[in-house]
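Please look through this model with me. My notes follow as numbered points, with the cut-offs given where a term first comes up.

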Amino acid sequence: MLSNLPELPVYHQYPLTLVSGAGALVCDEAGNVYLDMYGGHAVAATGHCHPRVVKAIQKQAEKLLFYSNAVHIPVRNALCKKLVRMGPEGTEAVFLCNSGAEANENALTLARLITNRSKIVSFTGGFHGRTLQTLSLCGIDKYRALTTIDGEPLFKHGVIAPFNDAKAAAELIDKSCAAVIVEPVQGLAGCFAATGEFLKSLRKACDKTGAVLIFDEVQCGTGRCGAFVASMLTGVAPDITTLAKGLGGGFPIGAVLTNHRGVEAAAPGLMGSTFGGGPTACAAALANLRVMESEQMIANARKIGDRMKKALLKIPGVVEVRGAGLLLGAALDRKARPVMDKLLAKYKIIIGASVCENTLRVMPPLNLSADSADHFTDCFAKVLADKEN
Ligand code: PLP
């Protein structure tokens, strides 16, 4: 479709040219309307173009479109205070940036500043972004392969441990370890949740050795799993949490939330970002979080997620449903790609893929209605009942 444009091919693109969106619906240039169960890559947390988010962006852009962290800005202060209030237990301060990978890079920098150590432990199936360091820590071989030359890793301080294996992780988390980075629910891998026991054991090992525990909640956080951050579902608080994707309601912003350890290690000149914490991004994120609270979208994510999970499990052809809230991985008895294609072509439903070739990723806006959820599961059942798929 858009292959004649001067744009490098990155994602496996949908055959769609979208021009507008509202709530869980998006519209193409011919006026066709689609149900967005992919949430624009898990970004449209409060739905596409939520009027309060759009208004906040407009108002801030008219007043002061941008100024850097070199000055105080009221909307940035307000956002940081709100994130400290909403964040995991112990959150004391925030560093703002522009994306998930940048948030993870800075979380790892902070961990090195805290510990003066080099080893980073990450996990099979984990994904943390596309910079050299974050890709090197990726537990998905095909992505990590981009960071090796002739089999030699370009970043030499990463160690990958088996996900959900507390014993193997504990052996690697020693006094040379700066940080442990883990997704409480692994998104791209196909929505595999860390067990509460596993996260507790990581907390214990980090407490014992002084390593910094980082929860990458870029995808599973900001309400998506039915709590502000997914780790709240397990009662385990990390030292550092990273957020991005759904945080700005569609406007690019990333955040590093830290407890006292990061506050004690940080000093002017060590970390920075020209655009990080810009007022328009902060206004978008602040409005997005306020909408999420006032419209009780996190509770809705929990409720609708449970409803969909139950309905999906009853569909012949669905072998497992993983994840939590509105980050669900539906594992099928067949390849997922033809099912995705049919959902789009026949029922105008957009849905996400994952690295598991039999798993579809469901990550719609958090305010998805019960009717839209039921429409999706009904159409899904019809596609799976068709033996051709
Ligand atoms: N961490 C996780 C868990 C992600 O899912 C992603 C993106 O998919 C990233 C980090 C990287 O975020 P970004 O693409 O905003 O750099």
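**Notes on side-chain contacts**

1. Start with Lys 156. Lys 156 is exposed, with a relative accessible area of 57%. Here exposed means over 50% relative accessible area, buried under 20%, and partly exposed in between (1.4 Å probe, protein chains only). Glu 152 is partly exposed at 48% relative accessible area. The side chains of Glu 152 and Lys 156 meet in a salt bridge, 3.5 Å from N to O. A salt bridge is a side-chain nitrogen of Lys or Arg within 4 Å of a carboxyl oxygen of Asp or Glu.

2. A word on the basis. This is a predicted model, in which local features need pLDDT of at least 70 and side-chain atom pairs count only at pLDDT 80 or more, while totals for chains, interfaces and linings use all residues. Residues are numbered from 1 along each chain as its sequence is written, and side-chain values use heavy atoms, with hydrogens and water left out.

3. How many salt bridges does a search of the whole structure find? The search returns 13 salt bridges. Side chains of opposite charge can pair when their charged atoms come close. One of the bridges joins Lys 167 to Glu 171, with the closest N and O atoms 3.8 Å apart. Both residues sit in helix 7 (residues 166-172); they are four residues apart, so about one helical turn separates them. Helices are DSSP runs (H or I, at least four residues), as are strands (E, at least two), and both are numbered from the N terminus. Lys 167 and Glu 171 are exposed.

4. Glu 293 forms a salt bridge with Lys 82, and the closest N and O atoms are 2.7 Å apart. Glu 293 is in helix 10 (residues 279-294) and Lys 82 in helix 3, so the pair links distant parts of the chain, 211 residues apart. Are the two partners buried or exposed? Glu 293 counts as partly exposed at 41% relative accessibility. Lys 82 is buried, at 7%.

5. Turn to the rings. The whole structure holds six aromatic pairs. Rings of Phe, Tyr and Trp (its six-membered ring) pair if their centres lie within 6.5 Å; planes under 30 degrees apart count as stacked, over 60 as edge-to-face and the rest as tilted. Phe 123 and Phe 198 have ring centres 5.3 Å apart and planes at 85 degrees, so this pair is edge-to-face. Phe 123 lies in strand 5 (residues 119-123) and Phe 198 in helix 8 (residues 196-209), so the pair ties together parts 75 residues apart in sequence. Phe 123 is buried at 1% relative accessibility, and Phe 198 is buried at 2%.

6. Another edge-to-face pair is Phe 127 with Tyr 143, at 5.6 Å centre to centre and 65 degrees between the planes. Phe 127 is in the loop between strand 5 and helix 5 (132-136). Tyr 143 is in helix 6 (residues 141-144), 16 residues away in the chain. Both Phe 127 and Tyr 143 are buried. Ring pairs also link Phe 123, Phe 163 and Phe 198 into a cluster.

7. Arg 322 lies over the face of Phe 192, 3.9 Å from the ring centre. The cut-off asks for NZ of Lys or CZ of Arg within 6 Å of the ring centre and within 35 degrees of the ring normal.

8. Arg 334 deserves a look. Arg 334 lies in the loop between strand 16 (327-332) and helix 12 (336-347). Arg 334 is buried, with a relative accessible area of 18%.
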